[in-house]
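Please read this short report alongside the sequence and the 3D view.

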Amino acid sequence: MNVPVLEVKNLGIDFGGLTAVNKLNLEVYAHEIVGLIGPNGAGKTTVFNMLTRVYEQSRGTICLNGQDIGKMNTVEVNKAGIARTFQNIRLFGELSVMDNVKTGMNNRFEYSIFDTIFHTPKRKKCEEEIEKKAEELLKIFHLYDSKDIKASSLPYGAQRRLEIARALATDPKLLLLDEPAAGMNPQETEELMNTIRFIRDKFDIAILLIEHDMSLVMNICERIYVLNYGTLLAKGSPDEIRNDEKVIKAYLGD
Amino acid sequence: MKNFMELLFGKKNRSRTISFLMVIVAYVVIEALMHGIRMSRLFTSLLVPTCCYIILGLSLNLVVGFSGELSLGHAGFMAVGAFTAVVASGLLSSSISNAILRLIVAVLCGSIVSGLFGLVISVPVLKLSGDYLAIVTLAFGQIIKSLITNIYLGFDSNGMHFSFVNNNLSLNNGKMLLSGPMGATDTAKIANFTSGFVLILIALFIIYSLIDSKYGRAIMSARDNRIAAESIGVDISKTKTLAFVTSAILAGASGALYALNYSTLQPAKFDFNTSILVLVYVVFGGLGNINGTIVATTVLYVLPEMLRSLQDYRMLIYAIVLIVVMQLTNSAKLKQYVEKLSKKLFKKGVAE
Ligand SMILES: Nc1ncnc2c1ncn2[C@@H]1O[C@H](COP(=O)(O)OP(=O)(O)OP(=O)(O)O)[C@@H](O)[C@H]1O
Ligand SMILES: [Mg+2]
């Protein structure tokens, strides 16, 4: 097979005496939707935090399209092509829905501080393009009608969708979704699944997602990794995972 | 030009239009009054300082309101701007005879030097996260004040003379520019109300241009959620530095204007109290609320001066005004009401 978009080898992190993640090997290939599941406290979010350099890993390497990103900082990793959402939603609460998405495009459209103060045509052109792209994203996530309200006054489900839209605005190669359906009702979840598939095709990105909603995971993920106590318990297709005895045991308890 | 008009009066931003209209109307009314009736000395003497404090308030709001950092030493930047402008204006008095041109050059010098100080302070501090900026600016304000209190600077036909120790510079038929604790003692008063008005418009223009741009969105995103901002590629320390330096430049301009409105000016004027006073204006006007800053600064600065004749009742009235202003600018319900009202007014205005 070709070079994976994301290739993680022997990844591990210790918090003091606690080993939260250990010896994790994981690949995500282009155009794939991959699930990362596991019981509470298994270390899933911690993996995301290492990938986006919120945490420094204690061991192991992380490669994006063959490029070592294991020593970059959060900003550089985003520029390299990883965008994410957060389990506990982190929006720019005081900014409008529209501006949340626009902020995601800051590194894609360059105009200088000189252009800013003197309102050059360059600024105008960039801002128009930013506006157009942001509108397009908002429409995909059914947020266009609330584009002018404060992000913090959106309902919960809409806030989750806005986070995805904002992440996509950075034009990533790999999108990390941390429990995107948490707090959504079944109908919203169903819609979200369609949207996730849609953006994968439209923007041709790879997606790695953490989710507790098993119907969602089994439905849209092409491959699944199962984490338990920070180590890999199993990996495979949804069918393989569904019938894996170790996984069933871990989820149901012994 | 079209861009400028759109920025000033575009449909999208009502609060922006209100800012400019408010300032322009106030200027026109005051100018008309001054031509019509004789205003009291007290009133006219307050005009330029009020403009200066409005600019300082706007500048501080950029840091505290929009960038979410605390500065406890903005009077320090005002001082840098002030005394730089005094020196520049003094040195240029013979080479640039046109007062307006000299005022512009002096204000530019004050802003630039103040901006440089802002850069030197903020670059190392804003690399760290936490409230270090508050501590460092607090120290900066004190240090700058002490520094200027100890500078003796004069010039004569032989050039500039400078000392940290005493005022005996043995000038040869020259002129003292800074005399230690006495500060500037013989400055040409070249600032006036109109220049203050223009400078407010420029400050508003710069601030609105900034906050409506990608840089402004970056600044506010870093304030609202640092980790999320980084996750979408916003360089936190760069954006915060940008906000802080812009703020220092504006504070320097306000100081320059202030200094050139008085023939004498002591460095002690720019002490911790001044920094806190302006912080109070900004907080009462509402963080990130530009119109609030303008109104609160005007009311809270002018009122105590106007009320001097009322003696004992002064502080009582002042306290009541503080509460009312805070309610007006920070309560969501009242804000909604004011917004509705302004919408109605605006619709009428358009229809007519
Ligand atoms: N900054 C930290 N310091 C110390 N321990 C941490 C830190 N972050 C995470 N941990 C620990 O690492 C372990 C894994 O946490 P993590 O949040 O990754 O779990 P998770 O799989 O995302 O769980 P959930 O499904 O509840 O979100 C937990 O035991 C947690 O307490
Ligand atoms: Mg988690």
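## Basis of the model

This is a predicted model, in which local features need pLDDT of at least 70, side-chain atom pairs count only at pLDDT 80 or more, and totals for chains, interfaces and linings use all residues. Residues are numbered from 1 along each chain as its sequence is written, chains are lettered from A and ligands numbered from 1 in the order in which they are written, and side-chain values use heavy atoms, with hydrogens and water left out.

## Ligand 1

The shell around ligand 1 has 14 residues, and A:G41, A:K44, A:T45, A:T46 and A:Q87 come nearest. A residue is near a molecule if one of its heavy atoms lies within 4 Å of it. Strand 2 (18-28) and helix 1 of chain A each supply at least two residues of this shell. Helix 1 of chain A gives the most, with three residues. Helices (H or I, at least four residues) and strands (E, at least two) are DSSP runs, numbered from the N terminus.

Oxygen atoms of ligand 1 make several polar contacts. A polar contact is a pair of N or O atoms within 3.5 Å; within protein, one must be able to donate a hydrogen and the other to accept it, and residues adjacent in sequence count only if both atoms are side-chain atoms. A polar backbone atom of A:G41 is 2.9 Å from a ligand 1 oxygen. A polar side-chain atom of A:T45 lies 2.7 Å from an oxygen of ligand 1. For a polar side-chain atom of A:T46, the distance to a ligand 1 oxygen is 2.5 Å. The protein covers 65% of the 630 Å² of accessible area that ligand 1 has on its own. Accessible areas come from the Shrake-Rupley method with a 1.4 Å probe; for residues, only the protein chains shown count as cover.

## Aromatic pairs

Over all chains, the structure holds 15 aromatic pairs. Rings of Phe, Tyr and Trp (its six-membered ring) pair if their centres lie within 6.5 Å; planes under 30 degrees apart count as stacked, over 60 as edge-to-face and the rest as tilted. The rings of A:F15 and A:Y55 are edge-to-face, because their centres are 5.2 Å apart and their planes are at 80°. A:F15 lies in strand 1 (residues 6-15) of chain A, and A:Y55 in the loop between helix 1 (44-51) and strand 4 (59-64) of chain A, so the pair ties together parts that are 40 residues apart in sequence. A:F15 is partly exposed at 35% relative accessibility, and A:Y55 is partly exposed at 31%. Buried means under 20% relative accessible area, exposed over 50%, and partly exposed in between (1.4 Å probe, protein chains only).

The pair A:F114 and A:F118 is tilted, because the ring centres are 4.8 Å apart and the planes are at 35°. These two residues are four apart in helix 4 (residues 113-118) of chain A, and about one helical turn separates them. A:F114 is exposed, with a relative accessible area of 52%. In chain B, one aromatic cluster is formed by B:Y53, B:F83, B:Y258, B:Y262, B:F270, B:Y281 and B:Y301.

## Charges over rings

A charge sits over a ring if NZ of Lys or CZ of Arg is within 6 Å of the ring centre and within 35 degrees of the ring normal. A:K139 lies over the face of A:Y144, 4.7 Å from the ring centre. The charged end of B:K214 sits over the ring of A:Y111, at 5.6 Å from its centre.

## Two helices of chain B

Helix 10 (residues 236-259) of chain B has 24 residues. Its first and last C-alpha atoms are 34 Å apart, close to the 34 Å expected. The expected span is 1.5 Å times one less than the number of residues. In helix 10 of chain B, 20 of the 24 residues are buried, so the helix is largely enclosed by the rest of the structure. At its start, a side-chain oxygen of B:D235 reaches to within 3.3 Å of the backbone nitrogen of B:S237.

At the start of helix 12 of chain B, a side-chain oxygen of B:N289 reaches to within 3.3 Å of the backbone nitrogen of B:N291.

A:D171 has a phi near 60°, a positive value in a residue other than glycine. A:D171 lies in the loop between helix 6 (156-168) and strand 7 (174-178) of chain A. A:Y229 has a positive phi too, near 50°. A:Y229 is exposed, with a relative accessible area of 71%.
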